[in-house]
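Here is a short briefing on one protein chain. Have the sequence and the model open as you read.

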Amino acid sequence: MSETTSRATPRGAARTARVVTLRGEIDLLTAPALRARLDSLTAASGPDLVLDLRRVSFIDCSGLGVLCRARNRVLARHGRLRLVSDSVFLRRVLRHAGLAGVFEVSPGMPEGLTGTRPATTPDRTTV
C-alpha cells in the first residue's frame, strides 16, 4: 500500500463520512501503518468510514485482519464501515476467507461522496 488519502464529507447536520483511499498492496509490511491510521480514525464515537480499495492490487491475511479490526472498532462505537471495490479478486478473497457477508461492499463510491476533494494531502503509510 503506497499511500492513503483522507477526505471528510458532510452527511446531514452532525455526521461526517471519512473516505480513506488506499493504493498498492495491503500486506504484512504495510498492515501496521494502516492499522494505526484506521485506529485513529475509528477512535471517536459513531465513526462513518469508507475505505476506497479500488486501487489496491493485493491484500493478504494481515490486510484482512486490519479490515476486520476496523470493522469491529466501528461496530463497537456504533458507526458504519463501507468498502468500495470493483475488484473480482477482492470479492473472491473475502468469500474464501468467510467474510463475504461481513462487509458492506459496493463497486463505486457511495452517493454524495463522489465529487468531494481531499481534505488532506497523501501521506506515506510505509514505516
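In the protein chain, 69% of the contacts with a separation of 6 or more join residues 24 or more positions apart. This is a predicted model. The protein chain has 3 helices and 6 strands.

**Layout and surface**
- Read from the N terminus, the elements run β-β-α-β-α-β-α-β-β.
- The protein chain has 127 residues, and 45% of them count as buried.
- Its accessible surface is about 6700 Å², with 54% belonging to carbon and sulfur atoms.

**Helix pair H1 and H2**
- Helix H1 spans residues 31-41 and helix H2 spans residues 61-76.
- Their axes come within 10 Å and cross at roughly 10 degrees.
- Angles under 35 degrees count as roughly parallel, so H1 and H2 are roughly parallel to each other.
- H1 makes the contact with Ala-31, Leu-34, Arg-35, Leu-38 and Asp-39.
- H2 contributes Ser-62, Val-66, Arg-69, Ala-70 and Arg-73.
- By class, this contact has 5 nonpolar, 4 charged and 1 polar residues.

**Nonpolar cores**
- The largest nonpolar core has 24 residues.
- Within this core, Leu-38, Leu-51, Leu-53 and Leu-67 touch the most other members.
- At least two residues of the core come from each of strand E2 (15-26), H1, strand E3 (48-59), H2, strand E4 (80-84) and helix H3 (88-96).
- Leaving out residues up to four places away in sequence, Leu-53 touches Leu-22, Ile-26, Leu-67, Leu-83, Val-84, Ser-85 and Leu-90.
- Another core, of 6 residues, lies apart from the largest one. Ala-17, Val-19, Val-50 and Val-84 are among its members.

Methods
Residues are numbered from 1 along each chain as its sequence is written. This is a predicted model: local features need pLDDT of at least 70, side-chain atom pairs count only at pLDDT 80 or more; totals for chains, interfaces and linings use all residues. Side-chain values use heavy atoms; hydrogens and water are left out. Axes are lines fitted to C-alpha atoms, for helices over the stretch in contact, and angles run from 0 to 180 degrees between N-to-C directions. Helices (H or I, at least four residues) and strands (E, at least two) are DSSP runs, numbered from the N terminus. Angles under 35 degrees count as roughly parallel, over 145 as roughly antiparallel, 65 to 115 as roughly perpendicular and the rest as oblique. Contact means heavy atoms within 4.5 Å. Ala, Val, Leu, Ile, Met, Phe, Trp, Tyr, Cys and Pro count as nonpolar, Asp, Glu, Lys and Arg as charged, and the others, Gly among them, as polar. A nonpolar core is a set of buried Ala, Val, Leu, Ile, Met, Phe, Trp, Tyr and Cys residues joined through side-chain atoms within 4.5 Å. Buried means under 20% relative accessible area, exposed over 50%, partly exposed in between (1.4 Å probe, protein chains only). Accessible areas come from the Shrake-Rupley method with a 1.4 Å probe; for residues, only the protein chains shown count as cover.
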